[in-house]
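Please look over the sequence and structure shown here, with attention to charged side chains and to the confidence of the model. The briefing that follows is grouped by topic.

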Amino acid sequence: MDVLCFFLLLPLCRSIEVIVPDVPVTGILDEDVILPCSFSPPDRFSLQDLSLFWEITKLQQVHSFTKGQEQLEKQDPKFINRTELFLGQLLQGNMSLLLHKVSLSDEGIYTCFVNVGNSSSAAVSLQVAASYTKPTLHLESSEGLKPGDQVIVTCHTYHGYPQAVILWQDGSGKNLTENVTTSQVANEEGLFHVQSSIHVTLETSDTYTCLVYNPLLQVATHASLSVTGQHLSFPLVAVWVTIGLCACLLGLLVALACVCRKQLKQTCEEEQEEAASNEEHEENGELKTAMQPLKASSAEGDDPTTVE
């Protein structure tokens, strides 16, 4: 009889294999996540024989099931109304846990325990990730720039987790690693604000790209800033000043030309008057010279002392 009982109980006493992922499970912030865990169910067992527990580091009870029903009286408060088992699949050995609305505080090592005549357990690691916002870029000291100037391009991105990997590239896709400064500061929720700046020598035209890579999600987001002639063009005020100076200079040249023309005309008129005056004087001198012989001849004809 004892031998018969032994062989009847043997299937319930055999070792239970618990299967969990070899790699950490990644949950997205504020979304649901499944922590996989399964066991090899013995033959002819009922849920009344099954006891299972989920716990997290520091022995916080996450979820439990015993005597054919869930037992949540000792559940940690932060998991209330946030956990579920796949009850319809327990007989098939699926004791995975569904965790609703994941938060950063849910990160940690979860242990699933199972007991069906024999007990076993395994650990599942949960990591939480949050996507970063699309980066924004701006160019500091964007006025009065010219090729060869040293400028700072700054990249901002927010509300991501964990810390990001920042890469800078130029317009040809070449990685820029020198003169890069990056800071990552967590807010009250634990999410990171990333600020990265790069010091570059300004070219006539170039493009700078900031890539933000989330190592858990293995997703990168990026933004680019093109520095073109608009940053190197002549300032608008200087253009109007130049136009005003040119107009003044043109006005001065026109006025000078008018003055010179008037002065030249006056000089020409004076020279013409002087030439006419000289010509008149010369004519009067010739007339006087011609009259002198006539006077001499007249004087000889009237002389009374002439003797025949």
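D106 and R82 are both buried, a term that stands for under 20% relative accessible area, with exposed meaning over 50% and partly exposed in between (1.4 Å probe, protein chains only). This is a predicted model, in which local features need pLDDT of at least 70 and side-chain atom pairs count only at pLDDT 80 or more, while totals for chains, interfaces and linings use all residues. Residues are numbered from 1 along each chain as its sequence is written, and side-chain values use heavy atoms, with hydrogens and water left out.

**Salt bridges**

- Two salt bridges are counted, each being a side-chain nitrogen of Lys or Arg within 4 Å of a carboxyl oxygen of Asp or Glu.
- D106 pairs with R82 in a salt bridge whose closest N and O atoms are 2.5 Å apart.
- K101 and D30 form a salt bridge through their side chains, at 3.9 Å from N to O; K101 lies in the loop between β9 (97-99) and β10 (108-115) and D30 in the loop between β2 (25-28) and β3 (33-35), so the pair ties together parts that are 71 residues apart in sequence. Strands are DSSP runs (E, at least two residues), numbered from the N terminus.

**Exposure of the K101–D30 pair**

- K101 counts as exposed at 53% relative accessibility, whereas D30, at 47%, counts as partly exposed.

**Confidence**

- The protein has a mean pLDDT (the predictor's confidence in each residue, from 0 to 100) of 82, and 79% of its residues reach 70 or more.
- Over residues 1-13 pLDDT stays under 50, and the model has nine contacts (heavy atoms within 4.5 Å) for them beyond four places in sequence.

Terms used. Helices (H or I, at least four residues) and strands (E, at least two) are DSSP runs, numbered from the N terminus.
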